[in-house]
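Please read the following report alongside the sequence and the three-dimensional model.

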Amino acid sequence: MLVCESISKSYENEVLSNFNLEVGSDEIVALLGPSGSGKSTLLRIICGLENSDSGKVFFNGIDLEEIPPEKRGIGMVFQNLALFPHLNVHDNLKFGLPPNSSITRISEILELVGLKNFGPRKIQHLSGGESQRVALARSLIAEPKMILLDEPLSSLDAGIKESLSLEVRKMIKSLSIPAIYVTHDPIIANQMADRIVYLESNI
Amino acid sequence: MKIRYAIILSWAILVIAPLILAWNQLESIAERNILQTIADFNYKFQTKDSISFTFLVASLSTILTLIIGLPLAWNLGRYNWPHHNILRSIFTVPFVMPSILVAMGFLALLDWISIILEHNHSSEIRFYSLLFAHAWFNLALVIRFCEPLLSTIDSSYEEACRLLPSGNTNIGRLSKFWLPLMWPNIAASAALVFVFSFTSFALVKFITPSQRNLEVVMSNQAEWAGLSVPSLSRAPSEIVLASSTIQLITIIIALLLSSWLQSRSSGHHLSTLNDGRIPMSFNSMRGIYLLVMLVFIISPMLALVSSSFMIRENDMMVFSFQGWKSAFGGSHSPTDVSQSLFSSIGYAFMTILLSLPIGYFLSDSIYNLEKKNPRLALALDVLVMMPLALSAVMVGLGVLLGLIRTDPELARSWWIPLYGHLMLTTPFVVRVLLPAMRNLNPNLEEAAALLGANYFKRLIFIRLSLLTPSLIVASSLVFAISLGEFGASWVVLRFTEFTTLPVMIGDLLSRPGYDPILRPAANAAGTILLLITLVLFMSVERFRPIGSGGEF
């Protein structure tokens, strides 16, 4: 279970102010809100890529403050997907494979996301939907205890977006891990989430 | 984090300490302060007119470089030619050419012209040759600053211009769109061309031997300046103190101007990732112009190579291998080509081994500070670039005099040139790596961290893997600069037995008296250096993506 307690963060303006959030152990929460409302900032604070000005983040009762991002066991799918352009699909997934895991896990997870035989493909040769699936697969192969998704479908067409969001939900649910899905699209939020949290812009 | 601060501190000491020690040494020997030595500067026979000559040459060279370079940058940036990358490489290769080779190439060209016209070249012709040599050498700066913006600008802007009353003519578009857009890039490149022409050493020393710029003045006085023999070294110390101060102030002003102008450049906002160039063939007026420019670039190199096989006999040029025999036999120089080349390559490799990691950590520090403390990042950037604000001769003198001040025996050490090469090459490593780091998608390293990769895994598999092309470009640049470095090596190597190839060439060209073998021997050694530099540059240029540039 994830608990965010009184999180505040300012850059030039205050982005988050005393923000509180709880996410259940296998719950999918959608963070809905306009640009600049602090959705992505909150995800970055949860996974440790940024520090909050004040407040605490607890995961399964453990304060995450002193734990570096690579030790938190939280996966994230970035808005721009952040697939490594110099590695092919197989090697991108291999990067996320935990030590002592079998290499066959890569084929299994590729099959799970519907990209069987895509291993040797170059990242530049994937379509938008395929890239999104690889990014999700790379996060899942690391066996995260929680997954954060920062508008990963925003660049896709409406039709693909809707069908893919249902698939993503199904995959996350099959792993029984908590997830936060950031979006500004209420339809996608409805499809994906068990619960929707709305953030208002502070600008 | 601690390593980072240690490297910044070491760099500051490496750059600043020898200069402070050198100025201190010069002032103590001169027994006069800097202002007094500057006031007397133009009245001494060794330095008379050198300030005006330096400014005149630098200003005229800058104007000529822009006149030649801007149309070239336009044609390379706006049009896509057959074998475009090879063309671009040829037009930018002069910048990595050792300056001594450029001097030799233009001298050889002058020789050929005087033979064809049966008329010896006058000092005026030599002066104009110097200006053209500077333009040849600095052409790449104008191309690197202007061509990337021209080649990546979204074509819809010019199309929109065409449809509006102010932009429906070529002149209208040039004056109302292109010049307002490009002027910061043009002015920034002009400021740098001015700096490089102002600090030109080998070109002035060998093409116009009867005239002196500040750099040549300093080099001429280097033998005695700063030595503890007051009766002999007082006047040279005064001259070096004054010249280095005038030079440093002028260059810092020009570099600050260049940096400020670059920051005002707004053109990159209009760039796209697409290649916006129009296909063009050589079978056009533009094609003929480009071929003429190719002849301009290639002719000094061809003249150098061909002159290595010629020897002057009774006012006739005769085909001969004597120059090559002398160069490889060492009959007219303290060392032969193979020994000098071995030393040069050794110094170049050692320079890469040192300047690449130092340059990487300095770039990384600036990159990280830019997000947290931009002012401190700018200060560190200025500190890193400081050796570029000094000329090669000043760096050599600074290192040498600084060491003499510490321990005179150190001045004979084999690693002295390495010190100078490290100072002169590291800023280029930073100028290549820093823009490449800024272009990296920060999410990639963050994604790697969230996948469990620790600092070293992220460094090796993400950061360094993605920076590999830039690291290759930086290494080759370091290798080429170190291999062809003349000014600093010329000053510091006089105390040692380790002669590099450019120093051997300089020695052959500086021998008193007339010997018909000396020039062909120097040209033969120069041809070896030319071929190595060309092969290195051409093989590495393909790692530079379209639209890159603006820095180095």
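## Basis of the model

This is a predicted model, in which local features need pLDDT of at least 70 and side-chain atom pairs count only at pLDDT 80 or more, whereas totals for chains, interfaces and linings use all residues. Residues are numbered from 1 along each chain as its sequence is written, chains are lettered from A and ligands numbered from 1 in the order in which they are written, and side-chain values use heavy atoms, with hydrogens and water left out.

## Chain B

Chain B contains 22 helices and four strands, where helices (H or I, at least four residues) and strands (E, at least two) are DSSP runs numbered from the N terminus. Of its 552 residues, 57% are buried, a class that means under 20% relative accessible area, with exposed meaning over 50% and partly exposed in between (1.4 Å probe, protein chains only). Among contacts in chain B with a separation of 6 or more, 82% are between residues 24 or more positions apart, contact meaning heavy atoms within 4.5 Å.

Helix 4 of chain B is largely enclosed by the rest of the structure, because seven of its nine residues are buried; Leu87(B), Ile90(B) and Phe91(B) are among them. A nonpolar patch on the surface is formed by Leu56(B), Leu60(B), Ile63(B) and Ile67(B), which together have about 360 Å² of accessible area. Such patches are made of residues with over 30% relative accessible area and no salt bridge, nonpolar side chains (Val, Leu, Ile, Met, Phe, Trp, Tyr) being joined within 5 Å and like charges within 9 Å, and the areas come from the Shrake-Rupley method with a 1.4 Å probe, only the protein chains shown counting as cover for residues. Leu60(B) belongs to helix 3 (residues 50-78) of chain B and is partly exposed at a relative accessible area of 31%.

## Strand pairing in chain A

Strand 1 (residues 2-10) of chain A runs antiparallel to strand 2 (residues 14-23) of chain A, to which six bridges join it; two strands pair if DSSP finds at least two bridges between them. These two strands form a hairpin with three residues between them, and Val3(A) stands opposite Glu22(A). Strand 1 of chain A is also joined by five bridges to strand 4 (residues 54-59) of chain A, again antiparallel, with Ser54(A) as the bridge partner of Ser8(A).

## Salt bridges

Over all chains the structure holds 18 salt bridges, each a side-chain nitrogen of Lys or Arg within 4 Å of a carboxyl oxygen of Asp or Glu. In one of them, Glu70(A) meets Arg458(B) at 3.5 Å, N to O, and this pair crosses between chains, from helix 2 (residues 69-72) of chain A to helix 19 (residues 455-484) of chain B. Glu70(A) is partly exposed, at 21% relative accessible area, while Arg458(B) is buried, at 15%.

Within chain B, the side chains of Arg438(B) and Glu370(B) meet at 2.5 Å, N to O. Arg438(B) lies in helix 17 (residues 416-439) and Glu370(B) in helix 14 (residues 337-372), so the pair ties together parts that are 68 residues apart in sequence.

Most residues other than glycine have a negative phi. Glu151(A), however, has a positive phi near 45°, and His83(B) has a positive phi near 55°. Glu151(A) is buried, at 10% relative accessible area, in the loop between strand 7 (146-150) and helix 6 (158-175) of chain A. His83(B) is exposed, at 62% relative accessibility, in the loop between strand 1 (79-80) and helix 4 (84-92) of chain B.
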